[in-house]
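Please keep the sequence and the model open while reading.

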Amino acid sequence: STTAGPAPRGRRTANPAPPRPDPPDPRRIPSPHRGHPPQMGVGRTSRGGPSTAGRPYFPPISAAPAASSPSPPSPPAPPVETASTSVTKTVNGSHHFKIAGYSLAKGIGVGKYIASESFTVGGFEWAIYFYPDGKSAEDGAAYVSLFIALASEGTDVRALFELTLVDQSGKGQDKVHTHFGRSLEGGPYTLKYRGSMWGYKRFFKRSGLETSDYLKDDCLLVNCTVGVVQSHTEGPKIYRIPVPQSDMSQHIGHLLTSGKRTDITFEVDEEMFPAHKVVLAARSPVFRAQLFGPMKDKNMKCIKIEDMEAPVFKALLHFMYWDELPNIEELTGLNTTWVSTLMAQHLLAAADRYALERLKLLSELKLCEDVAINTVANTLALAEQHHCHQLKTVCLKFVASPENLKAVMQTEGFDYLQQSCPSLLTELLEYVAKVGDHAVPPCLYSNEVLDGGDANGRRVKPRL
């Protein structure tokens, strides 16, 4: 084939073809055997190897045209910009100080004080000082004095203060002296050493105080708020590495599901549950004492659990390994609110038995959410027996409401409640009195043997 050359001078072509370099002649490539160094980019044929004649040709560095003039200097890199922020804020804390027996404190002497317990705000200890006869002799015990003092070592502690004498009539006419919420010419107050004070020598005239609503039952109530000023500098956050949630419970839970390396077995209602001693001991102090305490049996391989049903113990084990409640439907094969409530009642008792506080609270929460006419009496009895004060309050309020009281009293659970926990009836009446006058039927004091219990009054729980 032929290569088109450049168009003749003075002659215009419609589509001039761009000039193309002649293909290199391999015979012109110097041989390294003749004293010439090999050229960069030029392949040479090795003995017995494939030919390089078809590779693209790169001219040698020495053949590059010399620069006619030095290239202009690169523009300077832009300056690196950084930023930081100084943040100044207050760390606030409050203390409530009750001064009982005010009349007995009078006459203690000018300059002598009654001090509150120390309290911590912003890393420093503080205390309230009340002077019944005043702090200064020049006032002649005509005023009471009130101060807040730095009770720990500190140098130049800057703080805002608020002292409040509470109006005990309920009218809200408190006497307040405060730094908060207003502009201060000199900024926050500075305390330079332990014992430094801020307050008022003439906080209140004593004659007026003793006839005011601030004094009730010979008591004064003082509230103090301290705001310690703190500063810190925040720089740019460079690293943002997402950290996943802990999956430790997943790893421990798989120990239970795999059944590997178990070293103890529990028999519950003729069902066998293998487990790991060390996991149970780590989760429950009761199991720890049983499995590793001084009374442990070294040869013990199986423990029989009395007074507990197999589904309940299975749920208990699930929680101890996974740290969460199991799916009740998967566990029992039933999906009803009644079964869910019944399981929560049993788990509450089991959690208290083995000192599993988190499981106990989760069971309380579930029972609070599912409180109902036919189960609330049993739940209330459980709350009383296992010292669940929040659950007890929820149940009492539910039973005491006019629309629920009569229906609850007709349930079997209420019969058990009045025999097993008679003291609850008094509390229930107090709640009933708060919501209105409701007559108490005679059956409230029935002595019949309850359904769901034995003749000795011991509880027999409904089975799952």
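Glu-270 is found in the loop between E11 and E12, where helices (H or I, at least four residues) and strands (E, at least two) are DSSP runs numbered from the N terminus. The model is a predicted one, in which local features need pLDDT of at least 70 and side-chain atom pairs count only at pLDDT 80 or more, whereas totals for chains, interfaces and linings use all residues. Residues are numbered from 1 along each chain as its sequence is written, and side-chain values use heavy atoms, with hydrogens and water left out.

**Loop residues with positive phi**

- Glu-270 is not a glycine, yet its phi is positive, at about 65°.
- Glu-270 is exposed, with a relative accessible area of 73%; buried means under 20% relative accessible area, exposed over 50%, and partly exposed in between (1.4 Å probe, protein chains only).
- His-387, in the loop between H10 and H11, is another residue other than glycine with a positive phi, here near 60°.
- At 57% relative accessibility, His-387 also counts as exposed.

**The chain as a whole**

- The secondary structure comes to 14 helices and 13 strands, and 34% of the 464 residues in the chain are buried.
- The accessible surface of the chain is about 30,200 Å², with 52% of it belonging to carbon and sulfur atoms; these areas come from the Shrake-Rupley method with a 1.4 Å probe, and for residues only the protein chains shown count as cover.
- Among contacts (heavy atoms within 4.5 Å) with a separation of 6 or more, 67% are between residues 24 or more positions apart.

**Nonpolar cores**

- A nonpolar core is a set of buried Ala, Val, Leu, Ile, Met, Phe, Trp, Tyr and Cys residues joined through side-chain atoms within 4.5 Å.
- The largest such core has 33 residues, and those with the most contacts inside it are Ile-264, Phe-266, Leu-280, Phe-287, Ile-305, Phe-313 and Leu-316.
- Two or more residues of this core come from each of strand E11 (264–268), strand E12 (271–275), helix H4 (277–283), helix H5 (285–292), H6, helix H7 (328–332) and H8, and the largest share, 10 residues, comes from H6.
- Leu-280 touches Ile-264, Phe-266, Ala-275, Phe-287, Leu-291, Leu-317, Met-320 and Tyr-321, when residues up to four places away in sequence are not counted.
- A second, separate core has 29 residues, including Ile-99, Ile-128, Ala-159 and Leu-215.

- Helix H9 (residues 357–369) has 13 residues and reaches 19 Å from its first C-alpha to its last, close to the 18 Å expected at 1.5 Å a residue, the expected span being 1.5 Å times one less than the number of residues.
- In H9 the buried residues are Leu-359, Lys-360, Ser-363, Glu-364 and Leu-367.
- Seen down the axis of H9, these buried residues fall within an arc of 140°, so they line one face of the helix; the arc is that of the directions from the helix axis to the C-beta atoms.
- Packing against the buried residues of H9 are helix H6 (310–322), helix H8 (337–353), helix H10 (376–385) and helix H11 (389–400).
- Thr-341 lies in H8 and is buried, with a relative accessible area of 2%.
- Beyond its neighbours within four places in sequence, Thr-341 is in contact with Leu-367, Asp-370 and Thr-375.
- Helix H13 (residues 412–420) has Gly-413, Phe-414, Tyr-416, Leu-417 and Gln-418 as its buried residues, and these pack against H10, helix H12 (402–409) and helix H14 (423–435).

**A buried strand position**

- Ala-149 lies in strand E5 (residues 143–150) and counts as buried at 1% relative accessibility.
- The C-alpha atoms of Ala-149 and Trp-198 are separated by 6.5 Å, although the two are 49 residues apart along the chain.
- Leaving aside neighbours within four places in sequence, Ala-149 is in contact with Glu-125, Trp-126, Ala-127, Tyr-129, Ser-196 and Met-197.

**Cysteines**

- A search of the whole structure finds 0 disulfides, a disulfide being a pair of cysteine sulfur atoms within 2.5 Å.
- Cys-368 is in no disulfide, and the nearest cysteine sulfur, that of Cys-395, is 6.6 Å away.
- Cys-368 is partly exposed, with a relative accessible area of 25%, and Cys-302 also counts as partly exposed, at 40% relative accessibility.
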